[in-house]
Every structure is written in structure tokens, then in C-alpha cells.
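Let's walk through this structure together, one neighbourhood at a time. Keep the sequence and the model side by side as you read.

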Amino acid sequence: TRHFRRGFLTNALNPKAALFYLTVLPTFIDRQLSVREQTLWLTVSYVGIATLVHLLVVLLAGTLRPLLVTPAREKIVRRGFAFLLAIVAVWLIFATQR
């Protein structure tokens, strides 16, 4: 319960997540339809998907922990994630150019 509460508060009070959500959400709203219903549906979808992703990350991390406790493997994993993050950044640059 303590860990869940801590994680929930961290996510709920994260200004980057709130800014992203407030910036992106309006682009999916059709002003011809009920804004309230669309916002509710998008919010429920977002929370559901985010919860599923976080749950999978926790389960995967718990499963892979025994394989990653050595410093050499940890270094490889950190470099791998850094590389993937760089790939996402490059993709974002090209995807947002007009």
C-alpha cells in the first residue's frame, strides 16, 4: 500500500506529465461532439493504458532483477536504454518536421 501510494502521488504530482496531458489532449477533442464525454473517455483510456504499461514494467523488472544485479550487466542495460532513448529522440525530430 505504501509503495502504491508513493507511486500514485509521484505520477499525480508530476508537472511534466500534467503539461503533456494538457497539451496533447485537446488535439483529440472534436468540438462538434460532447467535450465532456470525449475528455472522460480519453482520460479513462490514458489511465488504463498507463496503468497497464506500469504494471508490465514492474512485473518485468521483478522477473529480470536476478539477471541484472551484476554491475557489468547493469552497465549494458543502461547503455541499451540510453541508445533506445536516442533513437526515439531522432525519430521525434524527423517525425515532427514539416
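Start with Q38, which touches F28, I29, D30 and L33, leaving aside residues up to four places away in sequence; contact here means heavy atoms within 4.5 Å. Q38 sits in helix α3, which spans residues 35-68. Helices are DSSP runs of H or I with at least four residues, numbered from the N terminus. Is Q38 buried or exposed? Q38 counts as buried because its relative accessibility is 15%, where buried means under 20% relative accessible area, exposed over 50%, and partly exposed in between, with a 1.4 Å probe and protein chains only.

Before going on, a word on what you are looking at. This is a predicted model, in which local features need pLDDT of at least 70 and side-chain atom pairs count only at pLDDT 80 or more, while totals for chains, interfaces and linings use all residues. Residues are numbered from 1 along each chain as its sequence is written, and side-chain values use heavy atoms, with hydrogens and water left out. The predictor's confidence in each residue, pLDDT, runs from 0 to 100. The protein chain averages 87, and 100% of the residues score at least 70. Within the chain, the mean is lowest in α1, at 81, and highest in α4, at 93.

I29 is buried, since its relative accessible area is 13%. Beyond residues up to four places away in sequence, I29 touches V35, Q38, T39 and L42. From P26 to Q38, 12 residues along the chain, the C-alpha separation is 9.9 Å.

Step back to helix α2 itself, residues 15-24, which is hardly covered: one of its 10 residues is buried. At the start of α2, a side-chain oxygen of N14 comes to within 3.0 Å of the backbone nitrogen of K16.

Where is L13? L13 lies in the loop between α1 (2-12) and α2, and L13 is exposed, with a relative accessible area of 66%. Together with F4, F8 and L9, L13 forms a nonpolar patch on the surface with about 500 Å² of accessible area. Such patches are made of residues with over 30% relative accessible area and no salt bridge, with nonpolar side chains (Val, Leu, Ile, Met, Phe, Trp, Tyr) joined within 5 Å and like charges within 9 Å. The areas come from the Shrake-Rupley method with a 1.4 Å probe.

Finally, turn to charge. Side chains of opposite charge can pair when their charged atoms come close. A salt bridge is a side-chain nitrogen of Lys or Arg within 4 Å of a carboxyl oxygen of Asp or Glu, and by this rule the count is one. R78 and E74 form a salt bridge, at 3.0 Å from N to O. R78 and E74 are about one helical turn apart because they are four residues apart in helix α4 (residues 71-95). R78 is exposed, at 57% relative accessible area, whereas E74 is partly exposed, at 34%.

Note on methods
Helices (H or I, at least four residues) and strands (E, at least two) are DSSP runs, numbered from the N terminus. A polar contact is a pair of N or O atoms within 3.5 Å; within protein, one must be able to donate a hydrogen and the other to accept it, and residues adjacent in sequence count only if both atoms are side-chain atoms.
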